[in-house]
Amino acid sequence: MANVAVIGAQWGDEGKGKIVDWLAERADMVVRFQGGHNAGHTLVVGENVYKLSLLPSGIVRGTPSFIGNGVVLDPWALKDEIARLGAQGVVATPETLLIADTCALILPFHRDLDGLREDASGAGKIGTTRRGIGPAYEDKVGRRAIRVCDLAHLDDLGPQLDRLTAHHDALRAGFGEPPIDRARLIEELREIAGFVLPFAKPVWRDLNAARSAGKRILFEGAQGVLLDVDHGTYPFVTSSNTIAGAAAGGSGLGPSAVGFVLGIAKAYTTRVGSGPFPTELENETGERLGVRGHEFGTVTGRKRRCGWFDAVLVRQAAAVGGITGIALTKIDVLDGFETVSICTGYKLRGETLDYFPAHAADQALVEPIYETMEGWQETTAGARSWADLPAQAIKYIRRIEELIRCPVTLVSTSPQRADTILVRDPFSD
């Protein structure tokens with residue numbers, strides 16, 4: 001049976017949490033492999049709503065959940081999230097939650113730097129979550145990060161702190177901030193170490209053993225392909241690779257372990273924060289999509305920008321992201337529209353493009369070419385079989401498949417866990 005990787009096929013916020021939760025019932029373990037607590041995955045189970053940022057979505061079902069080495073970990077955010085979910089009856093133990101001992105840590109001065117940079121950037125603001133994700137990845141690549149395994153060796157941290165403070169103290173001075181208080185940092189790390197270390201494991205070993213035993217592994221991505229640091233709308237991107245290939249390096253399993261790649265895409269398009277958005281609707285229709293779709297960021301609470309489905313971007317995301325099939329979410333938000341539109345190409349300086357150009361100046365100038373279809377007045381909300389969908393909704397889905405050159409394998413018709421139509425089983429491929 002195949003393992004399955006779930007990634008976002010747009011700018012994040014596509015509904016990955018619900019789909020991972022739905023698939024987790026049939027998986028033996030769930031693995032987060034990149035990003036940090038800038039992720040926002042909302043799970044609706046009956047009357048209960050669970051909001052996850054750092055923890056894998058499988059934790060709600062009690063499915064063994066892993067935080068892979070590709071994640072940057074804020075240990076204090078981890079403690080808070082575990083406590084918050086515990087109050088909702090979801091208990092994380094070292095048996096159900098395993099954290100790679102090689103994860104780089106997000107530290108208080110990373111959050112400081114993230115905010116200082118954003119505030120000083122003026123018109124160049126990227127729209128980060130200000131949670132220190134980018135600065136933590138910079139330290140990881142710069143080979144000066146403090147990692148989870150270092151929490152067990154704090155008395156030996158001197159040389160690493162020398163490298164870290166040499167870099168950050170200069171940056172802080174430029175913003176008029178005092179140098180890092182090393183003694184206070186060590187004390188804070190000592191206080192949190194006892195909480196984190198029981199979860200710390202050589203995750204790569206456990207995952208490889210599970211794979212050898214034929215276990216089903218579900219890889220849970222964060223953000224979306226259009227936010228990938230290499231393939232997204234740079235510089236308005238996240239600080240990690242969000243494509244399916246990152247699941248191999250970010251978990252400690254080889255690329256052959258990834259299996260079926262399920263890309264999640266809304267039946268329309270949204271984006272949080274700054275950056276290009278060709279199909280954005282700054283009108284009554286865009287407002288209607290936002291209100292009906294409850295489009296507010298899980299992490300930031302910021303209002304999402306809304307627009308029509310962009311087949312060009314999703315086709316590009318499917319190609320570079322390695323996507324095998326699409327899970328189309330929030331089809332019910334389009335119920336009642338007289339017509340629905342799909343972007344099929346762009347105009348740029350008189351030329352027709354079938355891809356999204358790389359340069360920000362060109363991205364800002366592209367004009368969407370729309371194909372408009374008849375909408376449907378019947379409801380799709382709560383549909384659990386293909387036969388329950390209106391004929392026009394099926395035509396819309398089929399047209400999306402043609403344009404993105406990728407099959408739709410799942411359709412989500414509400415935030416509820418069970419309101420999902422299975423067209424093709426990812427675990428059987």
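## The open sheet

In this predicted model, an open sheet is built from 10 strands in the order β9-β7-β5-β2-β10-β1-β11-β15-β19-β20, with mixed pairing. Strands pair here if DSSP finds at least two bridges between them. Helices (H or I, at least four residues) and strands (E, at least two) are DSSP runs numbered from the N terminus.

Residues are numbered from 1 along each chain as its sequence is written. Because the model is predicted, local features need pLDDT of at least 70 and side-chain atom pairs count only at pLDDT 80 or more, while totals for chains, interfaces and linings use all residues; side-chain values use heavy atoms, with hydrogens and water left out.

## Strand β15 and its partners

Strands of a sheet pair through backbone hydrogen bonds, either parallel or antiparallel. Strand β11 (residues 260–266) pairs with β15 in the parallel sense over 5 bridges, and G263 stands opposite I326 in β15. Strand β15 (residues 325–329) is also joined to strand β19 (residues 408–412) by 3 bridges, and these two run parallel. In that pairing, L328 stands opposite V411 in β19.

In a regular strand the side chains alternate between the two faces of the sheet. From β15, G325, A327 and T329 point one way, I326 and L328 point the other way, and all are buried. Buried denotes under 20% relative accessible area, exposed over 50%, and partly exposed the range in between (1.4 Å probe, protein chains only). With 5 of its 5 residues buried, β15 is largely enclosed by the rest of the structure.

## Nonpolar cores

In soluble globular proteins, nonpolar side chains tend to be buried together. A nonpolar core is taken as a set of buried Ala, Val, Leu, Ile, Met, Phe, Trp, Tyr and Cys residues joined through side-chain atoms within 4.5 Å. The largest such core has 97 residues, of which L73, L78, L97, F309, L334 and Y396 touch the most other members. Helix α12 (residues 391–404) supplies the largest share of this core, 7 residues. A second, separate core of 16 residues includes V6, A24, I264 and A327.

Contact means heavy atoms within 4.5 Å. Residues up to four places away in sequence not being counted, L78 touches L54, L55, I67, L73, L97, I99, F195 and V196.

N3 lies in the segment before β1 (4–8) and is buried, with a relative accessible area of 9%. Leaving aside neighbours within four places in sequence, N3 is in contact with K215, R216, I217, F219, A257, V258, G259 and F260. A polar atom of the N3 side chain lies 2.9 Å from the backbone nitrogen of I217. A polar contact is a pair of N or O atoms within 3.5 Å; within protein, one must be able to donate a hydrogen and the other to accept it, and residues adjacent in sequence count only if both atoms are side-chain atoms.

D28 is found in the loop between α1 (16–24) and β2 (29–32), and at 31% relative accessibility D28 counts as partly exposed. Its contacts, not counting residues up to four places away in sequence, are T63, P64, K215 and R216. D28 and T63 are 35 residues apart in sequence, yet their C-alpha atoms are 6.5 Å apart in space. A polar atom of the D28 side chain lies 2.6 Å from the backbone nitrogen of R216.

## Aromatic rings

Rings of Phe, Tyr and Trp (its six-membered ring) pair if their centres lie within 6.5 Å; planes under 30 degrees apart count as stacked, over 60 as edge-to-face and the rest as tilted. The count comes to 5 aromatic pairs. One of them, F195 with F199, is tilted, at 5.7 Å centre to centre and 55° between the planes. F195 is partly exposed at 24% relative accessibility, whereas F199 is buried at 5%. The rings of Y346 and F356 have centres 5.5 Å apart and planes at 55°, so this pair is tilted. Y346 lies in strand β16 (residues 339–348) and F356 in the loop between β17 (351–353) and α11 (360–365), so the pair ties together parts that are 10 residues apart in sequence. Y346 is buried at 0% relative accessibility, and F356 is buried at 7%.

A charge sits over a ring if NZ of Lys or CZ of Arg is within 6 Å of the ring centre and within 35 degrees of the ring normal. The charged end of K79 sits over the ring of F195, 5.7 Å from its centre. For R288, the charged end sits over the ring of F337, 3.9 Å from its centre.
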